[in-house]
Amino acid sequence: MRGWADGLGLGPQTAAELAALPVAHLARGAVLFRAGDRAQGFVIVLRGRIEVRLTGASGREILLYAVEPGESCVQTTLGLMGDEAYTGEAVVVAETEAVLIPRALFARALDGDAAFRAFVLRAFGRRMADLTRVLEQVAFERIEVRLAAALLDLAAGDLVEATQAELAARIGSAREVVTRRLDAFARNGWTRQERGHVRLADRAALMRLAGRA
């Protein structure tokens with residue numbers, strides 16, 4: 001299917017059925033699912049980025065993970081294999097091309113094609129490891145360390161095009177807390193706050209704080 005399954009060793013029937021699926025073009029801002037929805041199929045991202053976020057009763061958001069080419073959505077896998085409803089929300093954050101494997105075809109391929117089953121389980125295992133790292137960071141790392149790491153990860157050159165609310169969701173904190181930490185970073189000369197984005201003024205200092213120096 002346009003290259004994503006090359007090398008998986010799929011059986012001829014599975015390969016033919018997957019290759020026949022249409023490619024969907026998803027615009028930035030599109031919502032693929034919300035909490036309480038049921039999974040309709042297994043999404044394969046060919047290009048772009050989808051973020052899965054969890055919103056608490058207080059309205060605070062946390063970014064659970066992003067789905068990029070070659071990665072899977074653990075909530076969808078749980079929904080299809082365990083009949084669990086979604087607890088988060090998936091939002092397209094960059095123009096995306098994706099393929100939806102319908103529930104019936106997913107179940108048939110999972111049951112009858114060992115190579116497809118291995119692909120799904122490997123992807124699920126990697127995603128669970130990612131989620132474990134997110135939990136460890138939120139539980140054990142100081143907020144300023146997580147914020148410094150997020151700024152470094154998001155920077156294009158020295159510019160981070162993200163709002164304080166988006167940064168808060170990414171590190172699992174409140175916008176007000178991020179505002180205070182950014183103010184402290186600016187006083188130290190590490191960053192400069194500009195409308196709608198943050199400019200890195202001292203990348204080396206941020207790398208030391210994030211433990212990457």
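**Reading the features**

Modeller: Let's begin with Asp83, which counts as partly exposed because its relative accessibility is 49%. Buried means under 20% relative accessible area, exposed means over 50%, and partly exposed lies in between, with a 1.4 Å probe and protein chains only. This is a predicted model, in which local features need pLDDT of at least 70 and side-chain atom pairs count only at pLDDT 80 or more, while totals for chains, interfaces and linings use all residues. Residues are numbered from 1 along each chain as its sequence is written, and side-chain values use heavy atoms, leaving out hydrogens and water.

Colleague: Where does Asp83 sit, and what is its phi?

Modeller: Asp83 is placed in the loop between α2 and β5. Its phi is near 55°, a positive value in a residue other than glycine. The labels come from DSSP runs numbered from the N terminus: helices are H or I runs of at least four residues, and strands are E runs of at least two.

Colleague: Which side chain does Asp83 pair with in a salt bridge?

Modeller: The general idea is that side chains of opposite charge can pair when their charged atoms come close. The rule here asks for a side-chain nitrogen of Lys or Arg within 4 Å of a carboxyl oxygen of Asp or Glu. Asp83 meets Arg38 in this way, at 3.7 Å from N to O. The pair joins distant parts of the chain, 45 residues apart: Asp83 is in the loop between α2 and β5 (89-102), and Arg38 is in the loop between β2 (31-33) and β3 (41-55). Arg38 has 43% relative accessibility, so Arg38 counts as partly exposed.

Colleague: How many salt bridges does the rule give?

Modeller: The count comes to 17 salt bridges. One of them pairs Glu17 with Arg108, whose closest N and O atoms are 2.8 Å apart. This pair also links distant parts of the chain, with Glu17 in helix α1 (residues 12-19) and Arg108 in helix α3 (residues 103-112), 91 residues apart. Glu17 counts as partly exposed because its relative accessibility is 25%, and Arg108 counts as partly exposed at 43%.

Colleague: What does Leu63 touch?

Modeller: Contact means heavy atoms within 4.5 Å. Leaving aside neighbours within four places in sequence, Leu63 is in contact with Arg49, Glu51, Val52, Arg53, Val134, Ala169 and Arg170. Leu63 lies in strand β4 (residues 61-67) and counts as buried because its relative accessibility is 11%. The C-alpha atoms of Leu63 and Glu51 are 7.1 Å apart, although the two residues are 12 places apart along the chain.

Colleague: Now for helices. At what angle do α2 and α4 cross?

Modeller: Two packed helices are described by the angle between their axes and the distance between the axes. Axes are lines fitted to C-alpha atoms over the stretch in contact, and angles run from 0 to 180 degrees between N-to-C directions. Helix α2 (residues 74-82) and helix α4 (residues 114-140) have axes that come within 9 Å and cross at roughly 130°. Angles under 35 degrees count as roughly parallel, over 145 as roughly antiparallel, 65 to 115 as roughly perpendicular and the rest as oblique, so α2 and α4 are oblique to each other.

Colleague: Which residues meet there?

Modeller: From α2 come Val74, Thr77, Leu78 and Met81, and from α4 come Val120, Leu121, Phe124, Arg127, Met128 and Leu131. By class, this contact of α2 with α4 has 8 nonpolar, 1 polar and 1 charged residues. Nonpolar covers Ala, Val, Leu, Ile, Met, Phe, Trp, Tyr, Cys and Pro; charged covers Asp, Glu, Lys and Arg; the others, Gly among them, are polar.

Colleague: What covers the buried residues of α2?

Modeller: The cover includes β2, β3, β4, α3 and α4. Val74, Gln75, Thr76, Thr77, Gly79 and Leu80 are buried in α2.

Colleague: And how do α3 and α4 pack?

Modeller: Their axes are 6 Å apart, at an angle of about 105°, and α3 and α4 are therefore roughly perpendicular to each other. Phe106, Ala109, Leu110, Asp111 and Gly112 of α3 make the contact with Ala114, Phe116, Arg117 and Val120 of α4. By class, the contact of α3 with α4 has 6 nonpolar, 1 polar and 2 charged residues.
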